Structures are given as structure tokens and as C-alpha cells.
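Work through the exercises below with the model in view. Try each task before reading its solution.

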Number of protein chains: 2
Amino acid sequence: MQIKENNAHNFHINNILKRLEEKELDAMLVANFNNIYYLSGYLSTSFAFLIIKENPIIFVSGMDLENAHNTSSIDIVKYESYDKLIGYLKEEGIMNLAMESDLAASVYEKFKDFNLSFSDAISKERMIKTDDDIEKIVKATDIAHKSLLELDVRSKQEKGALEWECAYELGYLMRKNGASVESFDTIFASGPVSSLPHSTPRQAILETPVLVDYGCKFEGYCSDTTRTFIYTEKQEEISDIVLEAHDKAIDAVKEGVKACEVDKVARDIITEYGYGENFIHSTGHSLGLDIHENPSLSMKDQTVLENNMIVTIEPGIYLEGEFGIRIEDMVLVDKKGKLIGNLPQIL
Amino acid sequence: MQIKENNAHNFHINNILKRLEEKELDAMLVANFNNIYYLSGYLSTSFAFLIIKENPIIFVSGMDLENAHNTSSIDIVKYESYDKLIGYLKEEGIMNLAMESDLAASVYEKFKDFNLSFSDAISKERMIKTDDDIEKIVKATDIAHKSLLELDVRSKQEKGALEWECAYELGYLMRKNGASVESFDTIFASGPVSSLPHSTPRQAILETPVLVDYGCKFEGYCSDTTRTFIYTEKQEEISDIVLEAHDKAIDAVKEGVKACEVDKVARDIITEYGYGENFIHSTGHSLGLDIHENPSLSMKDQTVLENNMIVTIEPGIYLEGEFGIRIEDMVLVDKKGKLIGNLPQIL
């Protein structure tokens, strides 16, 4: 077995082990692909179980063994059955076992012999981005911003392009510019469907406004940006309110502030203008290997923002049957929030 | 509230209710997006909970309400909190509550007040395709097959095209030909990485062989096909064995046969030629709205195949560090298995 030393992996695992020890947990069972990738460099394509303990180990499905051997900094063994996995945990003297909260319930039930508890130890570790994480997210953002400018949405709209064609060409440009893949299905929503926050690109000629919510991955890390191309006075009026909420919320982002306080800044502005009921989602969310990570900038999230978190700020106003406007950027938390990228908010 | 009558939805819900009643279950909590779509026509983009009971209802997140109102054949209400959802279930007199086995463990734990059990009632319902499901899967397959021919992989290889460019152009062609999206990330693996069953398209010029495992969705339903373009005698020798296993396994598909028996047919042939250790996955799987559904054609799956199931047949031989060959088609189960599509296996 070839083991690739990786200091970042060791650093994260040691931090997580400390959190587990504080709660008197012997080990943690990890099945989430991005969590395993974060801690080992191995990205599963079928299923895998990482056991975080003093000497961590990954149980890998037979069809992924070659890839796991080539990429993991953690010892791997071939997964054979739940019985054998459970037997191994018992042999290791593990009794108090931490699990991820998104583990499938039927898998969770198989480990009932152990004293189980959910742990956010990995989620907490992933909240604070390393310099390397930040560099990749900034790079993903640069690629995404450059690609949107190259796409030239206004000229597409003039030429009567279709929503899905534009979404697809944007994906091509991001790959050509160095991204591996979209960080989520691109939203290219024009006219009335822009009032659906998660509209799917249609076989339809671009109407106005044109809302583009999109991002790409660079070495696994996501970007997330929204721009709404506006064409009428009414659209501009709404866009101005959203932009004010966006700018003020970004100003509110800094270490020590609670996530819900940032949400309140954006929500209060939109509410003052009488559109509180039309802002139908949270102000933002963290992101990294996943497009949605903790904390979320929602009314309820009490998480205190810390240095080197990255969050999106994405207020929106949705007028059902008419149109929707959303403007979204990513912000690095520091003494003062730092906007990532320099793509103009109004294009 | 506008309710769209849908006979297929009613038919499926009634079948599922019967299965729940047989097990003395009062209701089923459904969170899986495709399960909710299958039963209501509404495809969630954030989260939702469908309660299957005499009068089914869906709790929908605020940001999806407009879309849910427009598409669901089942009554919808706005989701507010777990407490309110649990309160509703209690008011309805529900005690014995069925859940999906892939529900997140942390959600599962919130319903501990109820007498919980996992149910495969929906999975079983989805196993048997309706005429409408089959029509969509056949259409998705036709689009996918036509698009692969249009791509002309051999000419791409001669011109020195890149793996990701080919994968991307194939995605474009499938959309142009009427698909909504890929049914999974296209695998375009050439040269040594073809021995990784789930290789990711690289920024690399096509070597040989070229393994393409891909599919698209038509009105939600998936296709799944693999072709390996071979160039050398050694590749042809391995391909001949895989093709023999593929053809014989397809001959073995018919109602009344067990899933594992079909796997055995393919596995025995490959083992006889001395490559048993190099066939590192199952022979196939069912598919529909999801790319992997039950049953799987694996060594362990004892499910008896029934009329109107659809399964893939996809044996492969993987020579680590050298190359891999896989050939995959979809088969409709009937008195005799019916191959879907007419794309030649060797291109």
C-alpha cells in the first residue's frame, strides 16, 4: 500500500479527533463523498466508509480500489460487508461512534450495536477555509466571471438565443477556461420564470429580465454567482432595491457577527421597500467542496462568523408571474468582509 | 388550490397504500425528490415531504411553492417546521409511519415519536414500468444512440480531440436532439484510464481504446449505454469476451428469472476465459427516473424479474494500468428480454 503524506489531511483529521475526544467519542464513521475527499484526497464514485480514529482507514468498494490506491493519503481496504465492517469496529474497541447527520437512515440503523451520536466535527472543520481552499474558490470564481463576460448575455438576448443553449455554452466556456464542471445545474431563467428561484433552462427564446445563477468547480471547489440582466424601468427599480440589500449585507459580513444578523440586514431593507414577502429564501450560505455548506445566512442560524469562512450574499425579489431579480456574490470573512472577484453587479 | 387529476399518480398511490395496509402502516413519509415527482408531478429543488395516506399532501418549502402549485397533482401546503409537520401527523391519527431507507438519519431521528419502519413500497412500484415510462426510456435511448453516432468518436480520436470536449459535445448533441440533461456525468475514458469504471473526462487527447458510458433524460426518464471503441488485437480479444457475456446475459433476461442468475451468466463466461477477477462490478441495474434503481443484477440480488422491468446489461473486463472494455445495453423484461435501441455493439 502506497501512502501519500498530506499535511492538510493530517491537520484536519487531528482537529476532528480533538472534537471527537471532547465529546468522548471513540471514532467517526464517514460516508459522505466530499468529506472523505476532504480528508484523504480520494473521491468515491460508488460508496466508501472512512473510519476516523488514531489510524484512520477507508473501506472502499471493489470497483474503486485502483482509483483509491492512486489518490488516498489514508490506508484503504476493500469493503466486503456490513458485518465485516462492524466486526472491525468492535475489534478496534470502538463503542461510542460518531456519524454524519446526512447518513442514510437504513445505514445508520445497521450500526445500532454502537452508542451512536451525530457529530458536526467535519462540518465545523470545513467551515474554516485554508489558504489553499480559498485560492481554489477564488480561481473558480475568476473562471466563472470571465466566462459570463465571454458569453455576452445581452448579445445572446438580442439574437434570440434559447435558455438551454446559453446555459450550455456557459458550461463550455467555463471548462475551456479551466473548470472541471459546473458547481450546480446552471439557472438561465428569463421572463416570468425568473420568479422561480431554481428554474431549469428551457427550450425557449430569452425574454427579459435574464437571471443567470451559476458556478464552476476548480480542483473540487465551487464558485456561486448570480447576475440579472435588466431591461425595463420596473426591472431596474426592483434591481436597485436588491442591489442595496446586497451591498449592505456585504458590508455587514465580518468576524464576530452572527449569520442571522447578516440575513436581517438584507431582509430589513427589502421589507422597508414593501417586498419582504417576495424575498422567499435565505440571504446566503457557505460553500466549498459542496455548493451548500454551513453556516447558512438565514433568519435562524446563530453561527458566529469567523475569519476564513466564505459565504454567498444573494438577496432576491420574486414577483410571481412577472419576474424575479437576484444578485449574488461570494464574500471572504475577515475583520471586514472581502468581496471575491470583481465582476460588476449590473451588466 | 388547483389540483390536476392524474390517473397514473392515483394508480401508483393506491398500489402503495395497499402495500402499506398489508403491513399495518398508517402512512408513509416521502422525502426523495424523484419519489415525490413520480407520485405528484412536482420536482422539488430544495426539500419537500409527501405524506402518503388516503388524502395525500405535500409540505413544500416556501421558495418552491409557485412551482409546486403549477405542477403537483397532490394538495400542497407550505412547510414551516418539523414540529408543525409532526403535529399534523399526530392530528391525523398516524402512529405507524413508513419511511424511505435513504432518508437522512438526522431527519429519521426527528420522527422517533412514531412507530417507524422502512418501506420499499415505492421502490417496488417504480420497478414495474408503465407503458408511458417505457416510451420515455426508449425515446431517451434513441436520442442517446443517435447522438453518439453524430459525434463520430473514431474521427474525434483521429483528430486528437480531448476527452472532456468529446463528453461535452455529446451532451450538446443529446440536448439538441431533445434530451433535457445527461442522466449522469458522461464517462469518456481513453487509454489506461478506461480501466477505471467511473473515470472522469480529462483534459487529455484521446488514446485507445475509447470507453463511452453515457445517457440522457427525456421527460425525467434515463437512458444508459456503454460502447468501447477498440483499436488493437488485444483490445479486440477482450472485447469479444465481453460481447459474448453481454449477449448471453441478454438472452438470459426474461420474466421469472432471478436477477443474480443473469449476473451469473455473464460472470461465468468472463471467469471461464480467466478474467473473473477483472470483472469488478455487477452485471447491471434497473433504471427509470433514477439511473440506479432496484433490482440490481448482482451476485446477491434474489429479485425475480417481472414483465415491464427494465435493466442494463453491462459486463466489463478491467486490466489495471492497461485498459478496460465495457459494453452496455438496456433490456425490457418480457417473456423474452427485448433489447432497447439498435445501436451496434461494436462501432
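**Exercise 1.** At what angle do helix H7 and helix H9 of chain A pack?

Solution. The model is predicted: local features need pLDDT of at least 70, side-chain atom pairs count only at pLDDT 80 or more, and totals for chains, interfaces and linings use all residues. Residues are numbered from 1 along each chain as written, with chains lettered from A and ligands numbered from 1 in the order written.

Step 1. Find H7(A) at residues 131-151 and H9(A) at residues 163-176. Helices are DSSP runs (H or I, at least four residues), numbered from the N terminus.

Step 2. Read the geometry: the angle is about 130°, and the axes lie 9 Å apart. Axes are lines fitted to C-alpha atoms over the stretch in contact, and angles run from 0 to 180 degrees between N-to-C directions.

**Exercise 2.** Find which residues of H7(A) and H9(A) meet.

Solution. Residues are in contact if their C-beta atoms, placed from the backbone, lie within 7 Å. On H7(A), they include A:Ile143 and A:Leu151. On H9(A), A:Cys166 and A:Met174 are among them.

**Exercise 3.** Describe how chain A and chain B relate.

Step 1. Count the contact: 25 residues from chain A and 25 residues from chain B. H9(A) gives the largest share of chain A's side, four residues.

Terms used. Helix = DSSP H or I, 4+ residues; strand = E, 2+ residues; numbered from the N terminus. Contact = placed C-beta atoms within 7 Å.
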